[in-house]
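Hi everyone, thanks for making time for this. I'd like to walk you through a few local features of one model, so let's bring it up on the screen.

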Amino acid sequence: MLSKSELLRVFVVAAGSNTFREAADKLNMSPQSVSRVIKTLEQTYGELLFHRSTRTIKITKFGEQLLSHAAHALEVVNDVFLFGQQNNHHDELSGNITITTPSVIGRDYLYPLIRDFQKKYPKIHVDIRASNNFSHLVDEQIDIGIRVGKIQNNGFIVKKVSEIQFFLVASPELIEKFGSPQHTDDLKKLPAVELINSNSGKGWPWLFKNNIAIHPENVHFRTDDAEIEHLAILDGLGFGQISDWIANADIQNGRLIRLLEDSEPEPWDVYVYRPQRGPVPARVRLLYDSIVEHLNS
């Protein structure tokens, strides 16, 4: 059985390695033994020390805090473990939580929950990364993610919380000027507002049932921001396809008209996800469950 100082030495060496196998080679141990040591330390502190993927390991923020103590004071093993025990017995509902979410969901649906959550738990510090791109939790050190569409990585705990629909819409003034399209083929020549895929720099297609995807040919306005896209459609710069989460209020008050309803695509699923491996701090589990309940309502 390894001593406390030996456990910490394994941790320090692993922190300077790209994989547990690399650390094992440096320590003349097996990769399985290194992995067991790290799991023991994680159970001791109740926090993840490393994010794991099939390619690499990356030290967590808590791991960096522990490393700054252990690397400079391995000889004072009892003090290092006291640091961990103090952190573990300190009010668990404190610390940092990083969330990634599509910008619209983050602003209009998630932020009100986070605002009330932080008032209730002021020692928990929330970092929201608003992005329409999928964020990998391990690589980007994210605690909780929200995603529209499929998640194929089995290394996540995933819960479906809602659905999102996509409507073709236009302002009443624009429809009065150009008329209402009767078929998807009518859309190609109509003035359009296009949302840009920030990864490719190309416009997202308009989607319809039967796997029909249309790239409008007469684009009058382009943007990579969904809210600017929404404003441009409201101002009559073109026809556009936006989510019901954005469009519903304007459709209800008549500022936007919903078109080609019989051709609308199947709804997309909305998921909340988090890493599966290792202990989950109480603060992360609490916020995760709160988000799932909030978006399900």
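Let me begin with a pair of residues: Gly145 stands opposite Tyr273 in β14. Before I go on, a word on the ground rules. This is a predicted model, in which local features need pLDDT of at least 70 and side-chain atom pairs count only at pLDDT 80 or more, while totals for chains, interfaces and linings use all residues. Residues are numbered from 1 along each chain as its sequence is written, and side-chain values use heavy atoms, with hydrogens and water left out.

For the labels, helices (H or I, at least four residues) and strands (E, at least two) are DSSP runs, numbered from the N terminus. Two strands pair if DSSP finds at least two bridges between them.

Is Ser94 buried or exposed? Buried means under 20% relative accessible area, exposed over 50%, and partly exposed in between, with a 1.4 Å probe and protein chains only. Ser94 has 15% relative accessibility, so it counts as buried. Apart from neighbours within four places in sequence, Ser94 is in contact (heavy atoms within 4.5 Å) with Lys123, Ile124 and Arg283.

Next, an open sheet of 3 strands. The order is β12-β7-β13, with antiparallel pairing. β12 and β13 (257–259) are the edge strands, each pairing on one side only. From one strand to the next, the twist averages 50°. Between β7 and β13 there are 3 bridges, and Leu168 stands opposite Leu259 in β13.

Two helices sit against these strands. For the angles, axes are lines fitted to C-alpha atoms, for helices over the stretch in contact, and angles run from 0 to 180 degrees between N-to-C directions. α9 lies across β7 and β12, at about 130° to β12. α10 packs on the sheet too, touching β7, β12 and β13, with its direction about 105° from that of β12.

Let me stay with α9, residues 226–234. Its buried residues are Ala226, Glu229, His230, Ala232, Ile233 and Leu234. They pack against several elements, including α6 (103–120), β8 (192–195) and β11 (219–223). At the start of α9, a side-chain oxygen of Asp225 comes to within 3.0 Å of the backbone nitrogen of Glu227. Just after the helix, Gly236 takes a positive phi of about 80°.

On that subject, most residues other than glycine have a negative phi. Asn210 counts as exposed at 65% relative accessibility, and Asn211 is exposed at 79%.

Last, a helix pair. α1 (residues 4–15) and α4 (residues 61–70) pack at about 120°, with axes 10 Å apart. The contact involves Leu8, Phe11, Val12 and Ala15 of α1, and Gly63, Leu66, Leu67 and Ala70 of α4.

Note on methods: Polar contact = N/O pair within 3.5 Å; in protein donor to acceptor, adjacent residues only side chain to side chain.
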